[in-house]
Amino acid sequence: MDTPDAELRGVRKQYPGGARGVRDVSLRVERGEFFSLLGPSGCGKSTTLRILAGLEEPTAGEVLIRGESMARRPAHRRPTNLVFQRLALFPHLTVAENVAFGPRLRRGSRSETAATVAEMLELVGLSGLEKRYPAQLSGGQQQRVAIARALANRPAVLLLDEPLGSLDLKLRVQMQRALKHIQQESGTTFLYVTHDQVEALTMSDRMAVMNEGLIEQVGDPATLYRAPTTRFAATFLGDTNLFEGTHRDQVLDCAGIAVRVPGPGRFASVRPERVSVAAQLGDGYPNRFTGRLEEVVFQGASIRYQVRLPSGVAVTAERRDEATPALAVGTEVETGWPVDAAVMLDH
Amino acid sequence: MSRPTSEAPRAPADARSGPEQPTGSPPRPALSARLAASMRRHRTGYLLAAPTLVVIIAVFVGAMLTLLEYSFHRYPPGGGDIAGTLATWQAFLTGGYHWHVVWQTVEVGVLATVITALVGFPTAFALSRIKRPGWRYAGLFVVFAPLLTSVISRTYGWELILGDTGVLNWLLVAVGLGPARILYAQTSVIVALVHILLPFMVFPVMSSLGQLDGALDEAAGDLGAGAWRRFRTVTLPLTLPGLIAGAELVFALSISSFATPSLLGGGRVQVLATDIYNDVQNVDWPLAAVSSYVLLALAAVALVLFTVLQRRAGHAAQGGVTAQAAEPRGARGWIGWLVLVDVFVLAPLVVIVIESFSSVSYGAWPPPGLSTKWYGNLLHQPGLGSAVLLSLEIAVASTVIATVIGTLTATSLVRHAPPGRRLIESLTLSPTVVPKVAFGFAGFVYLHRIGLFGGPVGLVAAHVVIVLPFVVIVVTSALQHADDTLDAAARDLGAGPVRAFRLATLPQIRPALIAAALFAFVISFDEVDTTIFLLAPDQNTLPVWMYVYMQKYQDPTLAALSTILIGAALVLAGAVAVLLARAGVFAGLTGTGAKPRRRDLDTGKRTTDPHDADQHADDQHDAASQRQAASQ
């Protein structure tokens with residue numbers, strides 16, 4: 001494999017006073033990849049990004065960009081650029097001047113800089129707005145300027161720190177598509193930090209799930225969703241029914257119910273969309289339990305059911321709207337899932 | 001969970017140490033090594049603060065310590081100098097006269113503070129209640145404009161009004177009540193002090209009122225409280241911090257004021273500040289040193305008292321939770337009050353301008369005839385030209401130096417926060433606690449001792465010490481409000497630390513820098529209390545020249561000079577207002593911080609803009625999300 005565009009080896013960051021930082025992160029981001037770091041707030045993902053950008057100094061570990069060590073190299077001499085969470089557009093500069101900020105510092109010729117600015121604004125779809133000030137732009141346009149400004153330096157890796165956090169849902173979806181498009185068009189490696197699992201799943205080529213300063217799992221979105229290897233990865237990415245118990249003979253003995261499972265492990269994770277629910281289930285459900293329907297939540301395209309088993313365990317099922325006949329809350333129902341629906345986890 | 005947490009201690013025998021285990025944590029280094037490491041890490045922070053610390057320690061602390069040493073000297077009546085004795089302190093503390101002076105100082109301070117509060121609080125309240133912005137700015141301008149005119153000018157204006165043949169007595173005679181003797185007594189000193197110190201009361205109260213959560217007043221009204229009760233139970237307690245801050249400033253400035261009691265007290269109002277000056281004139285330096293430290297002690301005790309009061313009122317400083325602006329409500333009564341205050345504020349200035357065209361050489365009211373001869377007379381004043389020049393030189397030099405090193409210090413405090421920043425901050429601000437007369441005399445003794453007396457270096461250094469705290473306060477506050485991610489963005493895009501500061505931070509704090517420099521210039525140009533001690537016999541600054549002239553002569557030459565100064569101040573204030581308004585255009589554009597701000601300057605360009613669709617969509621989203629937020 002080629003030299004990765006960005007590589008972290010055993011990076012740690014401890015803050016004085018014991019504030020949460022990064023405990024140990026090793027990571028490879030390949031050339032041209034859209035890589036996401038996903039995790040809850042405070043898990044160390046933004047710190048990891050700032051360490052790559054050179055805005056924070058790691059306590060230990062090594063940062064390499066295109067195989068070159070970044071030790072003691074300050075932010076302004078690194079081939080990385082950052083799209084800030086709060087954008088940090090210069091309010092006193094126009095759109096064009098914001099984008100030209102980096103190229104000018106690199107002492108490009110005037111015509112070169114102008115060409116870069118034009119190209120970048122074209123790329124993000126803002127041609128024609130060169131003379132505006134940031135405050136004269138909409139939220140979505142400001143995002144695009146921030147991206148164009150960071151790309152204008154032609155970084156080896158573009159770092160993005162939850163740049164869409166301040167946008168409302170619909171605009172965010174729109175910008176997600178635009179970002180993916182820009183990334184493919186420019187062929188730049190993107191390292192994207194987010195706490196939004198949907199964002200990470202839809203945009204990434206590969207992603208890492210982070211928790212408490214550690215990487216839990218790295219992989220492509222489908223693998224991470226379908227085959228999580230830790231309890232945290234399973235519960236943080238999407239919903240899941242998590243059963244804990246002792247494994248014996250392909251059965252997980254769990255709080256009074258016996259769940260048939262595909263292999264050994266302490267936990268069984270079963271996605272709600274793999275769980276069926278009906279007044280009377282047909283054949284083919286090795287895991288089949290009777291319980292009381294406790295809650296029905298209409299979610300548009302799907303319906304969520306919560307079934308309380310006599311043992312006290314709650315099972316959540318999610319079914320497409322038309323797939324299930326109407327069930328009344330409080331009635332007795334059957335719920336079940338195939339053996340291979342469960343993913344086995346040790347921790 | 002099977003994965004051990006980093007807090008869990010592990011036996012060293014556990015060879016399979018997880019990745020979160022510090023890789024072979026070294027033994028704790030020695031204190032000196034850790035200190036050196038800390039110094040290295042925070043080197044930039046210390047370097048930035050260093051020039052200020054050098055100035056403060058070498059000039060201010062040095063002068064104050066020399067003064068302290070002098071208070072343990074004694075000059076016996078027959079001549080000579082005895083060092084290391086408590087005799088002067090003893091003489092001061094056991095002499096009835098000195099206690100009388102201390103008492104009178106406190107009395108002047110308390111009276112000036114109480115009356116300024118009584119005038120200033122309603123004024124601030126009225127200003128915050130005016131709805132029309134135009135009127136509001138006019139009101140603010142009238143209250144604050146006198147700050148730009150010299151203290152000596154304003155004192156002179158009051159002499160013209162309160163004198164035996166002045167405006168007030170002319171009015172009293174006209175209604176059959178006069179004449180009365182007002183000048184050269186405590187009353188005239190207090191009146192002038194209230195006039196001079198009013199802005200220092202109005203400003204903090206206004207800022208307190210500005211932070212007042214408007215919803216609280218509405219809530220009190222909703223719960224059935226009438227106007228007076230709302231004021232007494234909500235507004236007053238919540239604006240108490242502003243009132244206390246104002247009182248603190250006014251008290252500190254009035255007990256240490258020198259020129260006003262000296263000129264308007266006519267020798268009958270003996271306060272510590274005038275006593276210090278007289279003792280120096282009588283060459284009793286040790287006694288002046290003791291008086292200086294007693295005045296400093298008085299200021300320190302007041303500071304502690306006000307700080308305790310402030311802490312008690314502290315809950316109010318937290319403000320409300322809705323951050324709703326108080327609804328300005330116009331009321332005729334308030335306008336009437338403001339007119340009265342404006343008359344009081346403007347009267348001395350107006351009288352000065354009229355008097356400058358008087359045809360006679362004594363302060364007669366109304367002037368019997370008109371003439372411009374006093375303006376001509378200015379040209380023949382010995383030493384006036386060189387005094388103006390020296391004042392300008394000192395003001396420009398100290399403004400430039402203080403603005404540069406003060407900005408560096410503020411950057412160190414806000415952006416680098418080196419260990420010990422509290423100490424750096426306290427040292428930098430400490431000159432504000434010391435009465436300026438005391439610092440002036442301290443500087444006098446100190447410069448004599450180190451052999452710099454009479455030169456420009458000592459004068460500029462003293463002025464830098466005086467204006468530095470104001471620069472640091474203004475720039476620190478501006479930097480705290482500036483978005484430091486812009487600095488990080490500039491560095492990320494390839495700017496080194498210095499260039500990042502210039503390109504990203506400087507534009508944000510430019511209005512504050514202009515304000516700080518202007519502030520420094522005005523304070524330095526108008527400085528009397530300290531400067532008067534530091535001038536060699538053949539030297540004069542403009543305000544000191546005016547002080548000396550006013551002591552000797554009564555003719556309207558000073559009125560002509562003051563009129564020119566008032567005109568210059570108005571021109572300067574206008575120019576700065578325009579400058580700040582222009583800078584404010586940028587300040588208003590700093591909307592990329594927390595939430596993208598709506599642009600509204602380009603609504604006319606809708607149809608020709610290829611990005612309308614995007615923008616329009618954004619607009620709708622925003623409108624929708626706002627509606628959603630509003631309905632929740």
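Modeller: pLDDT is the predictor's confidence in each residue, from 0 to 100. This is a predicted model, and pLDDT stays under 50 over residues 585–632 of chain B.

Biologist: What contacts does the model have for residues 585–632 of chain B?

Modeller: For that stretch there are 72 contacts beyond four places in sequence. Residues 1–25 of chain B, also with pLDDT under 50, have 23 such contacts. Where pLDDT is low, the predicted coordinates should not be read in detail.

Biologist: Why is helix 2 of chain B called oblique to helix 18 of chain B?

Modeller: The axes of helix 2 (residues 43–70) and helix 18 (residues 421–429) of chain B cross at roughly 50° and come within 10 Å. Angles under 35 degrees count as roughly parallel and 65 to 115 as roughly perpendicular, so helix 2 of chain B is oblique to helix 18 of chain B. Their crossing is left-handed.

Biologist: Which residues of helix 2 of chain B meet helix 18 of chain B?

Modeller: Among them are Ala49(B), Leu53(B) and Ile57(B), and the partners in helix 18 of chain B are Ile424(B), Leu427(B) and Thr428(B).

Biologist: Where does the kink in helix 22 of chain B lie?

Modeller: The kink, about 60°, is at Leu506(B), shortly before Pro507(B). The end C-alpha atoms of helix 22 (residues 497–525) of chain B are only 35 Å apart, short of the 42 Å that a straight helix would reach.

Methods: Residues are numbered from 1 along each chain as its sequence is written. Chains are lettered from A and ligands numbered from 1 in the order in which they are written. This is a predicted model: local features need pLDDT of at least 70, side-chain atom pairs count only at pLDDT 80 or more; totals for chains, interfaces and linings use all residues. Side-chain values use heavy atoms; hydrogens and water are left out. Helices (H or I, at least four residues) and strands (E, at least two) are DSSP runs, numbered from the N terminus. The expected span of a helix is 1.5 Å times one less than its number of residues. The bend at a residue is the angle between axes fitted to the seven residues ending there and the seven starting there. Axes are lines fitted to C-alpha atoms, for helices over the stretch in contact, and angles run from 0 to 180 degrees between N-to-C directions. Angles under 35 degrees count as roughly parallel, over 145 as roughly antiparallel, 65 to 115 as roughly perpendicular and the rest as oblique. A crossing is left-handed if the near helix is turned anticlockwise from the far one by less than a right angle, and right-handed if clockwise. Contact means heavy atoms within 4.5 Å.
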